[in-house]
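Hi,

Here is the structure I promised to pass on. Have a look at it first, and my notes follow below.

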Amino acid sequence: MQAEPRPHIGIVIPAYNAGRWLEQALESVLTQSVQPGDIVVVDDGSTDDTAAVAERFGPPVRVVRQANAGIGASRNHGVALVDGEMVGF
């Protein structure tokens with residue numbers, strides 16, 4: 001009996017001045033038993049090192065920058081860009 005294929009999962013992480021916590025969040029996502037194929041960090045106009053922290057990870061983590069627009073706009077922007085049959089936040 002062949003195992004059922006796992007769905008391709010995409011993750012969206014909206015982030016505003018989250019450099020302090022982002023490394024731990026990304027490490028948590030990357031150590032899950034089902035690996036995401038795509039992770040989009042939406043830097044919502046941060047003034048700290050949020051984008052730099054995310055960029056250190058490389059693929060499958062992608063960083064998208066936008067002017068500060070709030071969490072709803074960040075989620076929507078990420079969903080429009082992420083690749084996945086299923087999307088998690």
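Ser46 sits in the loop that runs between β2 (38–44) and α2 (50–55). Keep in mind as you read that this is a predicted model. With a relative accessible area of 17%, Ser46 falls under the 20% cut-off, so this residue counts as buried.

What does the side chain of Ser46 reach at 2.7 Å? That would be the backbone nitrogen of Asn17. The Ser46 side chain also has a polar contact with the side chain of Thr50, at 3.5 Å. If you skip the neighbours within four places in sequence, Ser46 is in contact with Ala15, Tyr16 and Asn17.

Now for the charged pairs. Side chains of opposite charge can pair when their charged atoms come close. There are two salt bridges in the structure.

One of them joins the side chains of Arg62 and Asp38, with 2.7 Å from N to O. Arg62 belongs to strand β3 (residues 61–66) and Asp38 to strand β2, so this pair ties together parts that lie 24 residues apart in sequence. Arg62 is partly exposed at 35% relative accessibility, whereas Asp38 is buried at 6%.

Arg65 makes a salt bridge too, with Glu55, and the closest N and O atoms there are 2.7 Å apart. Here Arg65 is in strand β3 and Glu55 in helix α2, so the pair links parts 10 residues apart in sequence. As for accessibility, Arg65 is exposed at 51%, while Glu55 is partly exposed at 43%.

Cheers

Methods. Residues are numbered from 1 along each chain as its sequence is written. This is a predicted model: local features need pLDDT of at least 70, side-chain atom pairs count only at pLDDT 80 or more; totals for chains, interfaces and linings use all residues. Side-chain values use heavy atoms; hydrogens and water are left out. Helices (H or I, at least four residues) and strands (E, at least two) are DSSP runs, numbered from the N terminus. Buried means under 20% relative accessible area, exposed over 50%, partly exposed in between (1.4 Å probe, protein chains only). A polar contact is a pair of N or O atoms within 3.5 Å; within protein, one must be able to donate a hydrogen and the other to accept it, and residues adjacent in sequence count only if both atoms are side-chain atoms. Contact means heavy atoms within 4.5 Å. A salt bridge is a side-chain nitrogen of Lys or Arg within 4 Å of a carboxyl oxygen of Asp or Glu.
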